[in-house]
Amino acid sequence: LRSLTLPRVTCPNHPDAILVEDYRAGDMICPECGLVVGTGSWYRIDSNVKGTHPSTFLLQGTGAASFDEFGNSKYQNRRTMSSSDRAMLHAFKEISNMADRINLPRNIVDRTNNLFKQVYEQKSLKGRANDAIASACLYIACRQEGVPRTFKEICAVSRISKKEIGRCFKLILKALETSVDLITTGDFMSRFCSNLGLPKQVQMAATFIARKAVELDLVPGRSPISVAAAAIYMASQASAEKKTQKEIGDIAGVADVTIRQSYRLIYPRAAELFPPDFKFDTPVDKLPQL
Amino acid sequence: MDDLALERYFDDSIANDSSCPLEEELAHQAAPQQVPSPSPPQLPETSGPGGKVRDVLDFSFLPDELNPQDDRSSKTAAAAESQAAALDVSHDSGIVQDSSAANLQQDVLSLGLGRGASPFCPMTPMTPMTPMTPVTEKSGIIPQLHEEQSRLAARKYARVVQKLGFPARFLDFKVQNMVASCDVCFPIRLEGLVLTHQQFSSYEPELFPGLIYRMVKPRIVLLIFVSGKVVLTGAKERAEIYEAFENIYPILKGFRKQ
């Protein structure tokens, strides 16, 4: 067994840290700050020859793990490859970037890549911007995984307008002959509430309020996002952590007048909307009336 | 009959101009079904060239609240002649008539647009004297653009273009699209509808508050709203609209909100 001797590179910020080797690309990564200190191509050859594993000299991995499911190499070397699908690879990179901005897990990214591949090969949406297709695929993947993101959230990490993403979304559903489930208010509670820093109790109350409001049909025709935002507003105003409509509107991507409209619809029956075990900081009759 | 009177009117007014008469290649369509047609507006006898301008058009079929404006417009018409002198000397008589007609047009247009027509009554610009069908409803006039009337309106536009001096002809008039709106008078559960009719429906509250139902048999797109209002579009024939509504109504009844 060969063990790697410490190469002469060190992390500039942490000279004492022992660098961790990332076997896939031959990188040396500092465990303290995550800085990639050296790539495979820079691996110091003059270190102890006995200690260098031959594969780290390669720019392109050849192990089983370095090919993704399509048979293409996962990690791009500097040489031009598969020019015919370069657009697709570029799109995958873009998808990865977008997903990274909102911290989406790998399974969603994989699903997005699959969807994009299917759409790309079908060529029915060929005239559309690849970025638009990619954004729409990302939206669909999030929906299919049961963790929908609003169009506005996808817009925030993409350069494409909501209108175009919406159009591509509908086209892709048609092209792939799939469908997606309808969004519900509960899908967004966890994310919005934690972004606002609301405690679990308030989040659970808001989820209950929104669900009850929809069941009682107090808000016909309102977008679930608006209803969710109004429910969060009501729950937070009844608790110790009061949030303004503006703050909630900012996080949810809803205008504060929209929250006001939906709030006005649920306010009259506020008492029955709260969960039975809710601890009121502000009683129901003292809730703000807008 | 409206037609002929209007034709006469236009023909008289063009009598001075050197522009060629409008050629009608298309045979006149047969008069269509029952249309609540008003008494045709009395057209003034245009007295010769250099025309007395529009003189007083009979706007009596318009509802009351429009009458004061109607007075204004008829005053405008009457005053147009005196304005004629004030107008640019370079205008010859033919064009004087045009600009006064334009004044009238503006008045009629502002009458129409100012009224805040309900969102389900798409207003299209009315050229002067397009007969507006009065409906006995408190809300006022709802223009029912009858297929025949739309053809008439198209002819008038062709006239206008012709009067501007272009060699205009009126050929191959075809109705390309018909839009209808209606109300089923009960609220609808769109979520239920999208679950059962997935292959036809698209309901994305984030994108549009209504459900978009693409019917296959008559190829019609219906916008269905929670309130029970339905908009049908994409029809080439009136019968398609009726058929589509007959098809969708029992489905909607099944998703009535209790």
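Modeller: Let me begin with two terms: helices (H or I, at least four residues) and strands (E, at least two) are DSSP runs numbered from the N terminus, and two strands pair if DSSP finds at least two bridges between them. This is a predicted model, in which local features need pLDDT of at least 70 and side-chain atom pairs count only at pLDDT 80 or more, while totals for chains, interfaces and linings use all residues, and side-chain values use heavy atoms, with hydrogens and water left out. Residues are numbered from 1 along each chain as its sequence is written, and chains are lettered from A and ligands numbered from 1 in the order in which they are written.

Biologist: What ipTM does the predictor give the complex, and what is the mean pLDDT of chain B?

Modeller: The complex gets an ipTM of 0.72 and a pTM of 0.62 from the predictor. For pLDDT, the predictor's confidence in each residue from 0 to 100, chain B has a mean of 67, with 44% of its residues at 70 or more. Residues 62-117 of chain B have pLDDT below 50, and beyond near neighbours in sequence this stretch has 54 contacts in the model, a contact being heavy atoms within 4.5 Å. Residues 132-143 of chain B are also below 50, with 24 such contacts for that stretch. Where pLDDT is low, the predicted coordinates should not be read in detail.

Biologist: Ok, so in chain B, which strands form the open sheet, and in what order?

Modeller: The open sheet has 5 strands in the order E3-E7-E6-E5-E4 of chain B, with antiparallel pairing. Its edge strands are E3 and E4 (201-202), each of which pairs on one side only.

Biologist: How many bridges join E3 and E7?

Modeller: Strand E3 (residues 178-183) and strand E7 (residues 229-235) of chain B pair in the antiparallel sense over 6 bridges. Within that pairing, B:Met178 stands opposite B:Ala235, and B:Ala180 has B:Leu232 as its bridge partner.

Biologist: And how many residues lie between E6 and E7 in the hairpin?

Modeller: There are 4 residues between E6(B) and E7(B) in the hairpin, and B:Gly228 in the turn has a positive phi of about 105 degrees. E6 (residues 220-224) pairs with E7(B) in the antiparallel sense over 4 bridges, and B:Ile224 stands opposite B:Val230.

Biologist: Switching to the interface, how much area do chain B and chain A bury between them?

Modeller: About 1200 Å² is buried between chain B and chain A, 60% of it on carbon and sulfur atoms; buried area is the accessible area (1.4 Å probe) that two parts lose on being put together, summed over both. In chain B, B:Glu204, B:Glu206 and B:Leu207 lose the most area to chain A, together 49% of what that side buries. The contact takes 14 residues from chain B and 19 from chain A.

Biologist: Is B:Lys257 buried or exposed?

Modeller: B:Lys257 counts as buried because its relative accessibility is 16%, where buried means under 20% relative accessible area, exposed over 50% and partly exposed in between (1.4 Å probe, protein chains only). B:Lys257 is found in the segment after helix H6 (238-254) of chain B.

Biologist: Which side chain makes a polar contact with the side chain of B:Lys257?

Modeller: The partner is the side chain of A:Asp217, at 3.1 Å; a polar contact is a pair of N or O atoms within 3.5 Å, where within protein one must be able to donate a hydrogen and the other to accept it, and residues adjacent in sequence count only if both atoms are side-chain atoms. Not counting residues up to four places away in sequence, B:Lys257 also touches others including A:Pro220, B:Pro187 and B:Val226.

Biologist: How many helices and strands are there in chain A?

Modeller: Chain A has 11 helices and 3 strands, and buried residues make up 42% of its 290 residues.

Biologist: Which residues in the largest nonpolar core touch the most other members?

Modeller: They are A:Ile209, A:Ile232, A:Met234, A:Ile266 and A:Leu287, in a core of 38 residues; a nonpolar core is a set of buried Ala, Val, Leu, Ile, Met, Phe, Trp, Tyr and Cys residues joined through side-chain atoms within 4.5 Å. Helices of chain A that each supply at least two residues of this core include H6 (186-196) and H8 (224-238), and H8(A) gives the most, with 11 residues. Apart from it lies another core, of 36 residues, among them A:Met88 and A:Val109.
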